[in-house]
Amino acid sequence: MNSKLLLFPAALIATGTSAMSRKDRTTDKRPNILVILADDLGYSDLGCYGSEIHTPNLDKLAQHGVRFNHFYNAGRSCPTRASLLTGLYQHQAGIGRMTFDEHLPGYRGTLSRDAVTIAEVLKESGYITSMIGKWHVAETPLREDQREWLAHHVSHETYSDLCNYPVNRGFDSHYGTIYGVVDYFDPFSLVEGEVPVKEVPKGYYITQALSDRAVKEVNEYAQRSKPFFMYLAYTAPHWPLQALPEDIEKYKDTYQIGWEVIREARYKRQQQLGIFPGMRNYLSDRQFQDKWEENPDAEWDARAMAVHAAMIDRMDQGIGQVIAALERNGQLDNTLILFLSDNGCSNEDCQNYSPGENDRPDMTRSGEKIVYPRQKKVLPGPQTTYASIGARWANVANTPFRFWKAKAYEGGICTPMIAHWPRGIKKNLGKTTSEIGHVMDIMATCVDLAEARYPQTYKGHTIIPLEGESLVPIFKTGNRQGHNYLGFEHFNERAFLSKDGWKLVRPGERAPWELYNLAEDRSECHNLAEQYPEKVLEMVKVYENWAKRCMVEPYPGQK
């Protein structure tokens, strides 16, 4: 089914799908859909993509499903979430970057009303719609009392305009955070629907709390007559590095062997797993020349990566609990589970940030000082520290690629993606597919499976036509026609990928365009721009047309 052909006025949605919404669950064969989004997870951070991190539950989904090796995101948290939710490029959806600019339609900072969410479309088609976790597509204003607000010392009833909350964008329920970065033990901006959750119980850890909520809802939905769409958006493993002691303990010795050894081991496992079938020698050069044995901060750096691993481990444990709940309720066979990351692992050194600003608390609720260990003297892990793994470990986490979050190279915009659906996936089970996909394809896939209608108008707004393409043909036949090209832009980082594997990258406003042939050079090691100047000019022209059509132009700062 071609989702782009399903264009109907919203008025027809309300009347045309009522029969489907009244169907008993025993006759309604449409699948449940569970989209699980990790935050700043590296390309190789799962066992089934080469990692040493213990992720048996996601590995099992991969073993009985299909892994994508060519699946793309929008380079950063907010843009990716906007694109995923709407089936559009992020600029069309209103979130091209985190900075609000009312004069640029692609840079509004909040989901556009000219876009519909998956929840809005599927709810009209008779689905229960649930959101659990991080929202991060609504503009949260900074306040004079921001420092106290982050520490829960003052309260405000809203973290954004309520009309931009998930429950007012199609979701029947939402438990999670409105803001982007949170304390894992006492999260800022935690809400139940529209109501702030002003206190959390002792021993609270948000990754586990989100998993527990998902299990509870899966159990409830099993008693209902409707299929469900659940969007489970974890905050893990985004900084700050905060994990449960028992999870950190598992990895206390793992990373003492250093960056080079871990990266090489991940690459070898990727080769053994056949992540890129038929390809050889696709490991990019390490981006740093320093040696682990000469690292004066080796103890701290090994601990930082151990905490990162612990955060992923706990997320996998929770996902296992959700899978078990689906299985107990007889729902697993007909539930499409999609697991992916919002971008590549982050290179940021947030321990060097200034505390008390923006999303950076300087104290806990009880008044304890939060340490930003600039000199790496205080080990990360507990609530009273605020740190990240940094660029060297990010280069490991994104093996075999170069670069990281917010960059237009593969390390920034290519995500691991697992699809699991026993009743519906017929090809490449236990294997990888090289079919190219994008987060905006998730909307089209949901519309396809829900037999829903993507509207031309919704609540008085003219809706931008769907950009995504359904992944269902890949599940059923192993391939699809797909996109002729994909465009990327974030903070003036630009890329353009054609369906035959040619990719342009422009890493900054003043940088020249680079050209790579991903069909032969998967990790962008060989810039061919000088060798094929005509190809560059040809692709740049198409890119510029795309940029104008999709509200990327004018770029911020340009007239």
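Trainee: What should I know before I start?
Mentor: The model is predicted, so local features need pLDDT of at least 70 and side-chain atom pairs count only at pLDDT 80 or more, while totals for chains, interfaces and linings use all residues. Residues are numbered from 1 along each chain as its sequence is written, and side-chain values use heavy atoms, with hydrogens and water left out.

Trainee: Okay, helix 16. How far apart are its end C-alpha atoms?
Mentor: They are 25 Å apart. Helix 16 covers residues 533-549. Its 17 residues should span 24 Å at 1.5 Å a residue, so the two values agree. The expected span is 1.5 Å times one less than the number of residues. Helices here are DSSP runs of H or I with at least four residues, strands are runs of E with at least two, and both are numbered from the N terminus.

Trainee: Which of its residues are buried?
Mentor: Val 536, Met 539, Val 540, Tyr 543, Trp 546 and Ala 547. They cover an arc of only 125 degrees around the axis, which puts them on the same side of helix 16. That arc is taken from the directions from the helix axis to the C-beta atoms. Buried means under 20% relative accessible area, exposed over 50%, and partly exposed in between, with a 1.4 Å probe and protein chains only.

Trainee: And what is exposed on the other side?
Mentor: Glu 534, Leu 537, Lys 541 and Lys 548.

Trainee: What do the buried ones pack against?
Mentor: Strand 16, strand 17, strand 18 and strand 19. Contact means heavy atoms within 4.5 Å.

Trainee: Let's do strand 17, then. How many of its residues are buried?
Mentor: 6 of its 6. Glu 493, Ala 495 and Leu 497 point one way. Arg 494, Phe 496 and Ser 498 point the other way.

Trainee: Why the two directions?
Mentor: In a regular strand, side chains alternate between the two faces of the sheet.

Trainee: How does strand 17 pair with strand 16?
Mentor: In the antiparallel sense, over 6 bridges. Two strands pair if DSSP finds at least two bridges between them. Tyr 485 stands opposite Ser 498.

Trainee: New topic. Is Ser 44 buried or exposed?
Mentor: Ser 44 counts as buried, because its relative accessibility is 0%. Its contacts include Tyr 49, Arg 266 and Asn 398.

Technical notes. Lists of a residue's contacts leave out its neighbours within four places in sequence.
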